[in-house]
Amino acid sequence: MTPILEQHIVELIKQNDQRGMSLLYEHYGPALYGCALKLTKDKDASNDILQDALLKIWNNNSSYNPKKAKFFTWCYGITRNTTIDYLRKVQKKQSKEIQIKDRDVYPIEDTLNQDDKESLKRQINTLDTKYISVLDSVFYKGMTHMEAADYLDIPLGTFKTRMRAALSELRAINKGITVLLWFLMTS
Amino acid sequence: MKIENQHIEEFLQSGLLDRYVIGDTSDGENIEVENMIAQHPEVQSAYNQLQDELYLYANLNAVTPPEYIKEQLLNKVLPLKEDESHYGNHENWLSIAAAIVALLALSGLGYLYQQNSGLKQEIVETTTQFENLERDYELNDSQKRILELRLAFIEAGDTEKYLMRGYIKDEPLRVIAYYNQPAGKAQIEIAALPPLEAGQDYQLWADVDGEMVSLAVLNDLKPKTISAEILKKASDLNITIEKAGGSKQASVENLVSSIPLNTIP
């Protein structure tokens, strides 16, 4: 998203303008919903989490500081923490200790159907699975490099090498998307 | 300085910044990370890059949520409607009937007026939305064109590239000059500019027949256009440390980087 559009959304939300919510949903909704789905693997729960998170963003907009983070980063943090809170509640309810270290994600029942999984796979099929696992461990599961290396059962050095390569792949995909957009816009 | 660089490297390797970017750090850790970002441009740069990578990766994993969620959200953020007015009793049925007739007539008029106002408001809102989108598109389009022009210039076969390197107190200085003689264009991109003491700036000079001619004062990371006419006659490019805002004459004793040009036939 361009900084101008991002700024426009932030201004609309600050003015309690309903269009702010509409633009927020259109531009960030799918990525934030993807975050909730990735962590919960539960569509119904993710529907509630997305609603909660977007309302938190709307109601707490005065605490957003553009000097500290980009707007998407701030929205992502709120959504991820809302998801983690949900998972903790479920975990507490079920009393299942499937905890990774003392601060992380608790896998629960996978309710995504095959179509959903295929759709997810198509979107990220340009990335090698070993890169997806290192990116997931950092961007979604919030592990330190040491914890992630331990979790993935690979040496720390290998993890760091894979992380660098994964980020490099990500940048290459970004360039590809930019070129594709440019081609579509000019054709 | 080496110890400081090692400290920065250890911090970047620790994974704390990765956890900060996804909002997974404690208040104490937040303070530590924010201090590192404020004090070290390398950390700031790594943080910005991580934010872009997070945005990209989250979008690769994006899934369209059900449409009803949007409707529910928009209903929840709608302003509350005002309560309808209440009317008191009248003394006799004639006045009640008259009031009802008047009320019905007024309601009818009010309804039509409200419908009309609502439609007008919708037209205004739709027009504003359209204008905003049009403005965003134009801005994006012009930014894209500027970037395409810059990229085309940098990648052109006859554009020469000069990488100027230097070190200021162990911190790297990287300035890249692009010069396209046939097109008569030249510009510089500044990749790294170590901080200087207060009251000092870097200044870029061209050596023309032994005389240093000022090309630009370098005090931020923005790309700059420089004179191709001067470069045409120059034998080399030099960067010196000067007083803030630049000097008329180069302080050669403060030279931090120099590169010969292959423009002289």
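Is Arg19(B) buried or exposed in this structure? With a relative accessibility of 7%, Arg19(B) counts as buried, where buried means under 20% relative accessible area, exposed over 50% and partly exposed in between, with a 1.4 Å probe and protein chains only. The structure is a predicted model, in which local features need pLDDT of at least 70 and side-chain atom pairs count only at pLDDT 80 or more, while totals for chains, interfaces and linings use all residues. Residues are numbered from 1 along each chain as its sequence is written, chains are lettered from A and ligands numbered from 1 in the order in which they are written, and side-chain values use heavy atoms, with hydrogens and water left out.

Arg19(B) forms a salt bridge with Glu29(B), in which the closest N and O atoms are 3.0 Å apart; a salt bridge is a side-chain nitrogen of Lys or Arg within 4 Å of a carboxyl oxygen of Asp or Glu. Arg19(B) belongs to helix 2 of chain B and Glu29(B) to helix 3 (residues 27-39) of chain B, 10 residues apart. Helices (H or I, at least four residues) and strands (E, at least two) are DSSP runs, numbered from the N terminus. Glu29(B) is partly exposed, at a relative accessible area of 22%. A network of salt bridges links Arg80(A), Arg19(B), Asp24(B) and Glu29(B).

The two chains meet in an interface to which chain B gives 54 residues and chain A gives 60 residues. The area buried between them is about 5,300 Å², and carbon and sulfur atoms give 60% of it; buried area is the accessible area (1.4 Å probe) that two parts lose on being put together, summed over both. On the side of chain B, Ile22(B), Tyr57(B) and Leu60(B) lose the most area to chain A, together 14% of what that side buries. Four salt bridges are found across this interface. Lys70(A) and Asp52(B) form a salt bridge, with the closest N and O atoms 2.5 Å apart. The largest share of the side of chain B that touches chain A, 14 residues, comes from helix 4 of chain B.

In chain A, Arg19(A) lies in helix 2 (residues 18-40). Arg19(A) is buried, at 17% relative accessible area, and its side chain makes a polar contact of 2.7 Å with the side chain of Asp17(A). Apart from neighbours within four places in sequence, Arg19(A) is in contact (heavy atoms within 4.5 Å) with Leu12(A), Glu125(B), Thr128(B), Gln129(B) and Asn132(B).

Helix 6 (residues 129-139) of chain A is mostly covered, with eight of its 11 residues buried. At the start of this helix, a side-chain oxygen of Asp128(A) reaches to within 3.0 Å of the backbone nitrogen of Lys130(A). Asp136(A), at 11% relative accessibility, counts as buried. The side chains of Asp136(A) and Lys38(A) meet in a salt bridge (3.1 Å, N to O). Lys38(A) lies in helix 2 of chain A and Asp136(A) in helix 6 of chain A, so this pair ties together parts that are 98 residues apart in sequence.

In soluble globular proteins, nonpolar side chains tend to be buried together. Here the largest nonpolar core has 73 residues, and those with the most contacts inside it are Leu24(A), Phe71(A) and Phe139(A). Such a core is a set of buried Ala, Val, Leu, Ile, Met, Phe, Trp, Tyr and Cys residues joined through side-chain atoms within 4.5 Å. Helix 2 of chain A gives the largest share of this core, 11 residues. Not counting residues up to four places away in sequence, Phe139(A) touches residues that include Tyr76(A), Leu167(A), Ile22(B) and Tyr57(B). Another core, of 28 residues, lies apart and has among them Ile168(B) and Leu231(B).

Key. A polar contact is a pair of N or O atoms within 3.5 Å; within protein, one must be able to donate a hydrogen and the other to accept it, and residues adjacent in sequence count only if both atoms are side-chain atoms.
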